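Reader: I am new to this structure, and I would like to understand the terms used for it. Could you show it to me first?

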Amino acid sequence: MSEALVIGLDVGGTATRVAVASLDGEPRGAGRAGGGNPTSHGAQAAVVQLRSALSDALATVDPSRVRAGTIGLAGAGRLTADPAGRAAFDRVWREVGLRCPYMLVGDALVAYASATDALNGTVLIAGTGAIAAEVRGLLLGRIADGHGWLLGDAGSGFWLGRAAVRATLADLDRHRDPTRLAQLVLTALLGSPSPPAAPRQTVDTLVQVVTRRPPVELAALAPLVMRAYDAGDEAALSIIASAAEQLSESVTRIRDDDTETPIVLAGGLLTDGTPLAAAVRKILHGRWPHAPLFPAGDGAMGAAWLAARALPDVTDAALLHARLLGRTHP
(Lines give C-alpha, C1' and ligand atoms only; values in the text may rest on other atoms or scores of the structure.)
Protein backbone atom coordinates (compact mmCIF):
# COMPACT_ATOMS: atom_id res chain seq x y z
CA MET A 1 0.00 0.00 0.00
CA SER A 2 2.82 2.40 0.80
CA GLU A 3 4.25 1.84 -2.68
CA ALA A 4 1.24 3.49 -4.34
CA LEU A 5 1.28 7.29 -4.62
CA VAL A 6 -1.17 10.09 -5.29
CA ILE A 7 -0.54 13.60 -6.58
CA GLY A 8 -2.33 16.87 -5.91
CA LEU A 9 -2.02 20.26 -7.55
CA ASP A 10 -3.17 23.66 -6.36
CA VAL A 11 -2.97 25.85 -9.45
CA GLY A 12 -3.40 29.56 -8.81
CA GLY A 13 -2.84 32.79 -10.64
CA THR A 14 0.40 33.54 -8.77
CA ALA A 15 1.74 30.08 -7.87
CA THR A 16 1.44 26.42 -8.81
CA ARG A 17 1.98 23.91 -6.00
CA VAL A 18 2.30 20.14 -6.29
CA ALA A 19 2.34 17.48 -3.56
CA VAL A 20 3.05 13.75 -3.93
CA ALA A 21 2.13 11.44 -1.06
CA SER A 22 1.84 7.76 -0.24
CA LEU A 23 -1.43 6.12 0.74
CA ASP A 24 -0.20 5.83 4.33
CA GLY A 25 0.12 9.61 4.55
CA GLU A 26 3.83 10.17 3.94
CA PRO A 27 4.94 13.10 1.75
CA ARG A 28 7.06 11.89 -1.16
CA GLY A 29 7.62 14.97 -3.27
CA ALA A 30 6.81 18.65 -3.66
CA GLY A 31 7.09 21.20 -6.41
CA ARG A 32 6.37 24.87 -6.89
CA ALA A 33 6.36 27.19 -9.89
CA GLY A 34 4.76 30.40 -11.07
CA GLY A 35 1.10 30.99 -11.80
CA GLY A 36 -0.40 28.18 -13.86
CA ASN A 37 -3.99 29.31 -14.24
CA PRO A 38 -4.84 29.36 -17.96
CA THR A 39 -7.58 31.93 -17.41
CA SER A 40 -5.00 34.39 -16.07
CA HIS A 41 -2.01 33.53 -18.22
CA GLY A 42 -3.26 31.59 -21.26
CA ALA A 43 -2.98 27.84 -21.72
CA GLN A 44 0.49 27.75 -23.25
CA ALA A 45 2.11 29.90 -20.56
CA ALA A 46 0.25 28.00 -17.87
CA VAL A 47 1.50 24.58 -18.95
CA VAL A 48 5.12 25.78 -18.75
CA GLN A 49 4.63 26.40 -15.02
CA LEU A 50 2.64 23.19 -14.64
CA ARG A 51 5.46 21.17 -16.20
CA SER A 52 8.08 22.82 -13.98
CA ALA A 53 6.19 22.18 -10.74
CA LEU A 54 5.31 18.60 -11.70
CA SER A 55 8.89 17.82 -12.72
CA ASP A 56 10.23 19.04 -9.37
CA ALA A 57 7.65 17.07 -7.40
CA LEU A 58 8.38 13.86 -9.32
CA ALA A 59 12.17 14.25 -9.35
CA THR A 60 12.76 11.58 -6.68
CA VAL A 61 9.83 9.21 -7.33
CA ASP A 62 8.73 6.91 -10.14
CA PRO A 63 5.73 8.56 -11.86
CA SER A 64 4.35 5.13 -12.74
CA ARG A 65 3.64 4.58 -9.01
CA VAL A 66 1.16 7.49 -9.01
CA ARG A 67 -2.31 6.01 -9.20
CA ALA A 68 -4.56 9.08 -9.03
CA GLY A 69 -4.35 12.84 -9.18
CA THR A 70 -6.42 15.94 -8.57
CA ILE A 71 -5.87 19.38 -10.05
CA GLY A 72 -7.52 22.25 -8.19
CA LEU A 73 -7.98 25.27 -10.42
CA ALA A 74 -9.97 28.50 -10.35
CA GLY A 75 -12.21 28.42 -13.40
CA ALA A 76 -11.96 24.64 -13.75
CA GLY A 77 -15.20 24.62 -15.72
CA ARG A 78 -13.73 26.94 -18.33
CA LEU A 79 -10.77 24.62 -18.85
CA THR A 80 -13.09 21.63 -19.16
CA ALA A 81 -15.01 23.48 -21.85
CA ASP A 82 -11.83 24.40 -23.73
CA PRO A 83 -10.63 21.35 -25.72
CA ALA A 84 -7.29 22.94 -26.64
CA GLY A 85 -6.52 24.00 -23.07
CA ARG A 86 -7.49 20.62 -21.63
CA ALA A 87 -5.39 18.87 -24.29
CA ALA A 88 -2.39 20.99 -23.26
CA PHE A 89 -2.82 19.92 -19.63
CA ASP A 90 -3.20 16.27 -20.71
CA ARG A 91 -0.04 16.49 -22.79
CA VAL A 92 2.06 17.84 -19.89
CA TRP A 93 0.63 15.12 -17.64
CA ARG A 94 1.95 12.46 -20.02
CA GLU A 95 5.26 14.22 -20.71
CA VAL A 96 6.27 14.08 -17.03
CA GLY A 97 5.54 10.35 -16.97
CA LEU A 98 2.11 10.26 -15.33
CA ARG A 99 -0.27 7.61 -16.67
CA CYS A 100 -3.03 7.76 -14.06
CA PRO A 101 -6.27 9.69 -14.54
CA TYR A 102 -6.78 13.02 -12.82
CA MET A 103 -9.78 14.95 -11.57
CA LEU A 104 -10.16 18.63 -12.39
CA VAL A 105 -11.95 20.51 -9.59
CA GLY A 106 -12.45 24.09 -8.48
CA ASP A 107 -9.85 25.70 -6.24
CA ALA A 108 -12.55 26.28 -3.62
CA LEU A 109 -12.95 22.53 -3.16
CA VAL A 110 -9.20 22.05 -2.78
CA ALA A 111 -9.10 24.83 -0.18
CA TYR A 112 -11.95 23.18 1.72
CA ALA A 113 -10.31 19.75 1.62
CA SER A 114 -7.07 21.22 2.95
CA ALA A 115 -8.82 22.02 6.23
CA THR A 116 -11.39 19.31 6.94
CA ASP A 117 -12.52 15.86 5.85
CA ALA A 118 -16.18 16.70 6.55
CA LEU A 119 -18.36 15.84 3.56
CA ASN A 120 -20.49 18.96 3.92
CA GLY A 121 -19.62 22.54 4.82
CA THR A 122 -18.78 25.98 3.50
CA VAL A 123 -15.63 27.63 2.20
CA LEU A 124 -15.02 31.39 2.08
CA ILE A 125 -12.06 32.65 0.06
CA ALA A 126 -10.66 36.17 0.06
CA GLY A 127 -7.50 36.86 -1.87
CA THR A 128 -7.23 38.99 -4.98
CA GLY A 129 -10.89 38.04 -5.54
CA ALA A 130 -13.56 36.70 -3.20
CA ILE A 131 -16.03 33.84 -3.33
CA ALA A 132 -18.11 31.68 -1.00
CA ALA A 133 -19.06 28.11 -1.86
CA GLU A 134 -21.21 25.37 -0.43
CA VAL A 135 -19.71 21.87 -0.24
CA ARG A 136 -22.01 18.84 -0.36
CA GLY A 137 -20.59 15.35 -0.46
CA LEU A 138 -17.19 16.90 -1.24
CA LEU A 139 -18.60 18.47 -4.37
CA LEU A 140 -19.14 22.17 -4.89
CA GLY A 141 -22.76 23.23 -4.62
CA ARG A 142 -24.17 26.74 -4.47
CA ILE A 143 -21.73 29.60 -5.02
CA ALA A 144 -21.95 33.26 -4.00
CA ASP A 145 -19.99 36.16 -5.49
CA GLY A 146 -16.80 35.42 -7.38
CA HIS A 147 -18.26 37.86 -9.91
CA GLY A 148 -14.96 39.56 -10.70
CA TRP A 149 -13.57 42.98 -9.91
CA LEU A 150 -16.11 44.95 -11.93
CA LEU A 151 -19.30 43.39 -10.59
CA GLY A 152 -18.41 41.76 -7.29
CA ASP A 153 -15.57 40.17 -5.30
CA ALA A 154 -16.78 42.14 -2.28
CA GLY A 155 -14.21 42.19 0.52
CA SER A 156 -11.41 40.96 -1.72
CA GLY A 157 -7.89 42.32 -2.08
CA PHE A 158 -8.98 44.30 -5.13
CA TRP A 159 -11.98 45.66 -3.22
CA LEU A 160 -9.74 46.74 -0.32
CA GLY A 161 -7.23 48.41 -2.64
CA ARG A 162 -9.92 50.33 -4.47
CA ALA A 163 -11.48 51.42 -1.18
CA ALA A 164 -8.07 52.69 -0.01
CA VAL A 165 -7.64 54.81 -3.13
CA ARG A 166 -11.18 56.14 -2.87
CA ALA A 167 -10.61 57.14 0.75
CA THR A 168 -7.41 58.93 -0.29
CA LEU A 169 -9.22 60.79 -3.07
CA ALA A 170 -11.95 61.83 -0.62
CA ASP A 171 -9.32 63.30 1.73
CA LEU A 172 -7.76 65.23 -1.14
CA ASP A 173 -11.16 66.52 -2.24
CA ARG A 174 -11.70 67.87 1.28
CA HIS A 175 -8.19 69.43 1.33
CA ARG A 176 -7.39 67.45 4.46
CA ASP A 177 -3.92 66.50 5.58
CA PRO A 178 -3.27 62.91 4.48
CA THR A 179 -4.28 60.26 7.01
CA ARG A 180 -1.99 57.31 7.67
CA LEU A 181 -3.81 55.29 5.02
CA ALA A 182 -3.61 58.13 2.50
CA GLN A 183 0.11 58.53 3.18
CA LEU A 184 0.69 54.85 2.46
CA VAL A 185 -1.37 54.98 -0.74
CA LEU A 186 0.35 58.15 -1.97
CA THR A 187 3.77 56.66 -1.27
CA ALA A 188 2.91 53.43 -3.10
CA LEU A 189 1.44 55.13 -6.16
CA LEU A 190 3.15 58.54 -6.35
CA GLY A 191 6.37 57.98 -4.42
CA SER A 192 5.73 60.44 -1.57
CA PRO A 193 3.52 60.39 1.57
CA SER A 194 2.57 64.03 0.97
CA PRO A 195 0.60 65.40 -2.00
CA PRO A 196 3.24 66.43 -4.57
CA ALA A 197 1.08 69.31 -5.83
CA ALA A 198 -2.17 71.15 -5.18
CA PRO A 199 -4.91 68.76 -4.02
CA ARG A 200 -6.83 68.75 -7.31
CA GLN A 201 -3.70 68.24 -9.35
CA THR A 202 -2.74 65.36 -7.06
CA VAL A 203 -6.22 63.88 -7.52
CA ASP A 204 -5.87 64.00 -11.30
CA THR A 205 -2.41 62.43 -11.17
CA LEU A 206 -3.55 59.68 -8.81
CA VAL A 207 -6.55 58.85 -10.97
CA GLN A 208 -4.37 58.67 -14.06
CA VAL A 209 -1.83 56.39 -12.37
CA VAL A 210 -4.55 53.99 -11.23
CA THR A 211 -6.58 53.92 -14.46
CA ARG A 212 -3.52 53.32 -16.64
CA ARG A 213 -2.75 50.09 -14.80
CA PRO A 214 -4.64 46.78 -14.96
CA PRO A 215 -7.47 46.97 -12.40
CA VAL A 216 -6.27 43.82 -10.63
CA GLU A 217 -3.12 45.67 -9.51
CA LEU A 218 -5.22 47.51 -6.93
CA ALA A 219 -5.10 44.31 -4.89
CA ALA A 220 -1.45 45.07 -4.13
CA LEU A 221 -2.66 47.92 -1.93
CA ALA A 222 -4.62 45.63 0.40
CA PRO A 223 -1.68 45.17 2.84
CA LEU A 224 -1.57 48.96 3.24
CA VAL A 225 -5.11 48.89 4.62
CA MET A 226 -3.96 46.31 7.19
CA ARG A 227 -1.01 48.49 8.20
CA ALA A 228 -3.19 51.56 8.55
CA TYR A 229 -5.71 49.52 10.54
CA ASP A 230 -2.99 48.52 12.99
CA ALA A 231 -2.12 52.22 13.35
CA GLY A 232 -5.73 53.05 14.22
CA ASP A 233 -6.54 54.90 10.99
CA GLU A 234 -10.30 55.57 10.98
CA ALA A 235 -10.73 55.02 7.25
CA ALA A 236 -8.92 51.70 7.45
CA LEU A 237 -11.03 50.63 10.41
CA SER A 238 -14.16 51.40 8.42
CA ILE A 239 -12.90 49.61 5.31
CA ILE A 240 -12.04 46.43 7.22
CA ALA A 241 -15.39 46.42 9.01
CA SER A 242 -17.25 46.83 5.72
CA ALA A 243 -15.18 44.13 4.01
CA ALA A 244 -15.87 41.69 6.85
CA GLU A 245 -19.60 42.38 6.66
CA GLN A 246 -19.70 41.87 2.91
CA LEU A 247 -17.69 38.65 3.00
CA SER A 248 -19.93 37.31 5.73
CA GLU A 249 -23.01 38.34 3.75
CA SER A 250 -21.78 36.21 0.86
CA VAL A 251 -21.79 33.22 3.18
CA THR A 252 -25.40 33.90 4.22
CA ARG A 253 -26.48 33.52 0.59
CA ILE A 254 -25.51 29.86 0.53
CA ARG A 255 -25.68 28.73 4.16
CA ASP A 256 -28.79 28.20 6.29
CA ASP A 257 -29.00 29.78 9.75
CA ASP A 258 -29.14 26.50 11.69
CA THR A 259 -26.23 24.83 9.89
CA GLU A 260 -23.47 23.39 12.11
CA THR A 261 -21.09 22.07 9.42
CA PRO A 262 -17.54 23.47 9.22
CA ILE A 263 -16.65 26.81 7.67
CA VAL A 264 -13.22 26.98 6.05
CA LEU A 265 -11.50 30.34 5.59
CA ALA A 266 -9.05 30.51 2.69
CA GLY A 267 -6.98 33.03 0.78
CA GLY A 268 -4.23 35.28 2.06
CA LEU A 269 -6.61 37.83 3.56
CA LEU A 270 -8.30 35.23 5.77
CA THR A 271 -5.42 32.92 6.75
CA ASP A 272 -2.44 35.10 7.65
CA GLY A 273 -3.63 36.53 10.96
CA THR A 274 -4.95 39.71 9.33
CA PRO A 275 -7.42 42.04 11.06
CA LEU A 276 -9.88 41.15 8.31
CA ALA A 277 -9.61 37.47 9.22
CA ALA A 278 -10.31 38.28 12.88
CA ALA A 279 -13.32 40.44 11.97
CA VAL A 280 -14.77 37.79 9.67
CA ARG A 281 -14.31 35.05 12.25
CA LYS A 282 -16.13 37.14 14.87
CA ILE A 283 -19.13 37.72 12.58
CA LEU A 284 -19.31 34.10 11.44
CA HIS A 285 -19.01 32.76 14.98
CA GLY A 286 -21.82 35.06 16.09
CA ARG A 287 -24.11 33.83 13.34
CA TRP A 288 -23.13 30.13 13.49
CA PRO A 289 -21.85 29.63 17.05
CA HIS A 290 -21.75 25.82 16.78
CA ALA A 291 -19.92 25.65 13.44
CA PRO A 292 -16.18 24.88 13.57
CA LEU A 293 -14.04 27.53 11.86
CA PHE A 294 -10.91 26.22 10.16
CA PRO A 295 -8.14 28.06 8.29
CA ALA A 296 -7.22 26.47 4.98
CA GLY A 297 -3.99 24.49 4.87
CA ASP A 298 -1.82 23.06 2.11
CA GLY A 299 -4.04 23.11 -0.96
CA ALA A 300 -1.83 20.75 -2.93
CA MET A 301 -1.95 18.18 -0.14
CA GLY A 302 -5.70 18.69 0.12
CA ALA A 303 -5.91 17.90 -3.59
CA ALA A 304 -3.79 14.78 -3.06
CA TRP A 305 -6.23 13.63 -0.37
CA LEU A 306 -9.17 14.14 -2.74
CA ALA A 307 -7.37 11.92 -5.24
CA ALA A 308 -6.56 9.25 -2.65
CA ARG A 309 -10.00 8.91 -1.07
CA ALA A 310 -11.46 7.55 -4.32
CA LEU A 311 -9.01 4.61 -4.39
CA PRO A 312 -10.24 1.25 -3.09
CA ASP A 313 -7.08 0.81 -0.99
CA VAL A 314 -8.05 3.76 1.22
CA THR A 315 -10.42 2.39 3.85
CA ASP A 316 -10.16 5.25 6.36
CA ALA A 317 -10.21 8.57 4.53
CA ALA A 318 -10.45 10.56 7.78
CA LEU A 319 -7.28 8.97 9.17
CA LEU A 320 -5.44 9.60 5.92
CA HIS A 321 -6.56 13.24 6.00
CA ALA A 322 -5.23 13.62 9.53
CA ARG A 323 -1.88 12.17 8.48
CA LEU A 324 -1.57 14.29 5.34
CA LEU A 325 -2.85 17.57 6.74
CA GLY A 326 -2.25 17.17 10.47
CA ARG A 327 -5.70 18.47 11.36
CA THR A 328 -8.22 17.71 14.11
CA HIS A 329 -11.65 17.19 12.66
CA PRO A 330 -15.16 17.75 13.97
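Author: What follows is a short exchange about a sheet, its helices and a few loop residues. This is a predicted model, in which local features need pLDDT of at least 70 and side-chain atom pairs count only at pLDDT 80 or more, while totals for chains, interfaces and linings use all residues. Residues are numbered from 1 along each chain as its sequence is written, and side-chain values use heavy atoms, with hydrogens and water left out.

Reader: What makes E8 and E10 edge strands of the sheet?

Author: The open sheet has 5 strands in the order E8-E7-E6-E9-E10, with mixed pairing. Strands here are DSSP runs (E, at least two residues; helices are H or I, at least four), numbered from the N terminus. Strand E8 (139-145) and strand E10 (293-295) are called edge strands since each pairs on one side only.

Reader: How do you know that E9 and E10 pair?

Author: Two strands pair if DSSP finds at least two bridges between them, and 3 bridges join strand E9 (residues 263-266) to E10, therefore the two count as paired. They run parallel, and Leu 265 stands opposite Pro 295 in E10.

Reader: What makes helix H12 a helix that packs on the sheet?

Author: Helix H12 (residues 275-287) touches E6, E9 and E10, where contact means heavy atoms within 4.5 Å. The direction of H12 makes about 165° with that of E9; such angles run from 0 to 180 degrees between N-to-C directions, with axes fitted to C-alpha atoms, for helices over the stretch in contact.

Reader: Why is Trp 149 called partly exposed?

Author: Buried means under 20% relative accessible area, exposed means over 50%, and partly exposed lies in between (1.4 Å probe, protein chains only). Trp 149 has 41% relative accessibility, so it counts as partly exposed. Trp 149 is found in the loop between E8 and helix H6 (157-173).

Reader: Why is Leu 138 called buried?

Author: The relative accessible area of Leu 138 is 5%, which is under 20%, so Leu 138 is buried. Leu 138 lies in the loop between E7 and E8, and has a positive phi of about 55° although it is not a glycine.

Reader: What makes Asp 153 buried as well?

Author: Asp 153 has a relative accessible area of 10%, again under 20%, and therefore it is buried. Asp 153 has its place in the loop between E8 and H6, and its phi is near 55°, a positive value in a residue other than glycine.
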